[in-house]
Amino acid sequence: MADVLSQSQIDELLKSMAGAAPEEKSAPEEAKPAEKKEELNKYDFYSPRKFTKEKIKLLRSIFENYARILTSQVNGLFRVMTDITVIELRETRYYEYVNSFHENDCMTIVDTYVPEMGKNNIPMMFYITPGLIIILINHMLGGGDQIIQVDDDYRYTDVEMALYKRALEYIIHAMNDGFSNYINVDFRMQRVEENPSMQQEVGLDETVVMIVLNVDVSGLAAEKIRICIPGTLLEHIFRVIDNRKHLARGFAYENNTDTIMEHLKGSTFPMTAQLGVVKLDISDLYHLQVGDVIDMNKPKDSTVRLFVGRQPWFHGTMGVYKKNISVSITDLITDQKLDDEETEEEEGTIAEVVKAVEETPGIVESTADTEG
């Protein structure tokens, strides 16, 4: 019996009869290694970035410092072991921050006061997960180290709301120290908004910077603190910081000679006129009486020194002005003149010592005997 051809064999036979060469099965190509695609971030032209990387980096360093300060204060005040770190800091739109809230969440409105400029009209927003608040309240009331789990849409009672505001005051006040290295600013709690979606002080499309802090409570629970700073408020803060940097640089290179002299003009210094210096023995001082004359070893018309404090500054001559003893300044004492005068005084002192030795017979004889 003849073999029955399969459909594929029939197709090949027809193609060969039509003059077409049969298709050869191509060997499977070796799998090429996948090329690494460069990861690129899409730029949204609808919402361009308002802050440079340097500003964001500065803000991150501020809140990392705030996280360290807040960790120590929470651990000390509430007697609970926590570790607070910055896990996210990004520029976004305000509606993204608001959309993350539940119906019963409480958002704290915080006012900003700069000493030189007063209160800023744009507030910032704080949100703390209910689990962290309940743990802090539990320790405030003397509770143990147990971790209390609550739902994200937990509604606070009236007593818990009062204690909530008390705990928030400590957390907000610690932010003053976080900014203290760059700007003197005072953050104060304005009110607690129990319906965040109704907050109208910031437009939904306004650019904000959202900071998320992770709070690790004794390694058993991970709670969050979400902070929203409107772009207008940040521009105001950065402007104050930049102005202070410029003032600091200008002050370093500014010639303040006139200002310094204006302050020094009101200072008082004692001025002394020195007639001369004489060395006396104790016996001579003991026998001094009223009417004795001390030889100053200077002529009567010689110059005197004028001392400002303990430093000799001028030479002068004695005189009378309006029936008062006075000194007329003749020249300024320079370092070279001062060295020459000190050398002359030392030579005069040596000459006096030699003369006194020669006038003492015992010393001269002993010296002669030594030489012989």
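Reader: Is Leu5 buried, exposed or partly exposed?

Author: This is a predicted model, in which local features need pLDDT of at least 70, side-chain atom pairs count only at pLDDT 80 or more, and totals for chains, interfaces and linings use all residues. Residues are numbered from 1 along each chain as its sequence is written, and side-chain values use heavy atoms, with hydrogens and water left out. Buried means under 20% relative accessible area, exposed over 50%, and partly exposed in between, with a 1.4 Å probe and protein chains only. Because the relative accessible area of Leu5 is 47%, this residue is partly exposed.

Reader: Where does Leu5 lie in relation to α1?

Author: Helices (H or I, at least four residues) and strands (E, at least two) are DSSP runs, numbered from the N terminus. The helix α1 covers 7–17, and the place of Leu5 is in the segment before α1.

Reader: Which side chain does a polar contact of 2.4 Å join to that of Asn104?

Author: A polar contact is a pair of N or O atoms within 3.5 Å; within protein, one must be able to donate a hydrogen and the other to accept it, and residues adjacent in sequence count only if both atoms are side-chain atoms. Asn104 also touches Asp153, Tyr154 and Arg155, leaving aside residues up to four places away in sequence, where contact means heavy atoms within 4.5 Å. The partner in the polar contact of 2.4 Å is the side chain of Arg155.

Reader: How many bridges join β2 to β3?

Author: Two strands pair if DSSP finds at least two bridges between them. A hairpin joins β2 to β3 through three residues, and Val110 stands opposite Met124 in β3. The two strands run antiparallel, and the number of bridges is six.

Reader: Why is strand β3 largely enclosed by the rest of the structure?

Author: Strand β3 (residues 118–128) also runs antiparallel to strand β6 (residues 221–230), with four bridges, and Ile128 stands opposite Ile225 in β6. Strand β3 is largely enclosed because, of its eleven residues, the number buried is eight.

Reader: Which residue forms a salt bridge with Lys119?

Author: A salt bridge is a side-chain nitrogen of Lys or Arg within 4 Å of a carboxyl oxygen of Asp or Glu. Lys119 is partly exposed because its relative accessible area is 43%, whereas Asp111 is buried because its value is 7%. With 3.6 Å from N to O, the partner of Lys119 is Asp111.

Reader: Which residues are linked with Arg90 in a network of salt bridges?

Author: The closest N and O atoms of Arg90 and Glu96 are 3.4 Å apart. Arg90 counts as partly exposed because its relative accessibility is 33%, and Glu96 counts as partly exposed because its relative accessibility is 35%. The residues linked with Arg90 in the network are Glu96 and Glu88.

Reader: Which residue in the turn between β9 and β10 has a positive phi?

Author: Strand β9 pairs with strand β10 (residues 324–332) in the antiparallel sense over eight bridges. The bridge partner of Tyr321 in β10 is Asn324. The hairpin has two residues between its strands, and the residue with a positive phi, about 55 degrees, is Lys322.
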